[in-house]
Amino acid sequence: MGTIFIAGTYGVGKSTLCHKLSTILNISDYSAGDLISAVNGETYGANKVVGDKTSNQSILALQVKHLLKATSKILLAGHFCIFDANGNVDYLPDSVFYDLEIEFILLLEAPVSQIIKNLSVRDKKNYSKNQIVALQRAERQRAHEISDSLKCNIYVHSMRFDETDVDDCLSYLQRRK
């Protein structure tokens, strides 16, 4: 019983990959932001600013706990780090990652220029190269720290934004069964 946590920066393709893996593996997939929004009513979309990250992570932990009572495994797209209101990297509380019952971490990365382009098209929002570099670096550092702390496997995948992404991540997950 547990969570396959698909992590990465904004715009790296977490939700898209998560949904494709869900279909193939027949495991339900969820977005951390959507689970939180369903309870607190906040909408994140292009506005990545979070009102109360600690409260939100408590909501997420509770939502995941309920989901795992109904099914043995879920795919969850989420973050280890977010931007604060000033556009600086902010770390999410460690405690939530213990509560999510994470079995595996898939960390998605991509060229900074591609992430900036994805966010510009999707959210109509422009981030600087320095912001995305800092966020991706922090996401990787935190992913490894949490993986070590939870003693769970981590797979870092460089997104190519084609079907090889699904194949590579699926291969990793199938080896871990």
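The axes themselves are lines fitted to C-alpha atoms, over the stretch in contact for helices, with angles running from 0 to 180 degrees between N-to-C directions. In this predicted model, helix α2 (residues 32-40) and helix α3 (residues 53-70) have axes that come within 9 Å and cross at roughly 100 degrees, so the two are roughly perpendicular to each other. Helices here are DSSP runs (H or I, at least four residues), strands are E runs of at least two, and both are numbered from the N terminus.

Who touches whom? On the α2 side you'll find A32, L35, I36, V39 and N40, meeting N56, Q57, I59, L60, Q63, V64 and L67 in α3; contact means heavy atoms within 4.5 Å. Sorted by class, that makes 8 nonpolar, 4 polar and no charged residues. For this count, Ala, Val, Leu, Ile, Met, Phe, Trp, Tyr, Cys and Pro are nonpolar, Asp, Glu, Lys and Arg are charged, and the others, Gly among them, are polar.

Is R142 buried or exposed? R142 sits in helix α6 (residues 129-150) and has a relative accessible area of 7%, so it is buried. (Buried means under 20%, exposed over 50%, partly exposed in between, using a 1.4 Å probe and protein chains only.) Beyond its neighbours within four places in sequence, R142 contacts F80, C81, Y91, L92, D94 and F97.

K73, in strand β3 (residues 73-78), is partly exposed at 25%. Skipping residues up to four places away in sequence, K73 touches G2, I4, I27, L68 and E103. With E103 there's also a side-chain polar contact of 2.5 Å; that term means a pair of N or O atoms within 3.5 Å, where, within protein, one must be able to donate a hydrogen and the other to accept it, and residues adjacent in sequence count only if both atoms are side-chain atoms.

## Two positive phi values

Most residues other than glycine have a negative phi. E101 has a positive one, near 55 degrees, and lies in the loop between α4 (94-99) and β6 (102-109). K124 also has a positive phi, of about 55 degrees, in the loop between α5 (112-123) and α6. E101 is partly exposed at 31%, while K124 is exposed at 68%.

## About the numbers

Residues are numbered from 1 along each chain as its sequence is written, and side-chain values use heavy atoms, leaving out hydrogens and water. As this is a predicted model, local features need pLDDT of at least 70 and side-chain atom pairs count only at pLDDT 80 or more, while totals for chains, interfaces and linings use all residues.

Methods:
Parallel < 35°, antiparallel > 145°, perpendicular 65-115°, else oblique.
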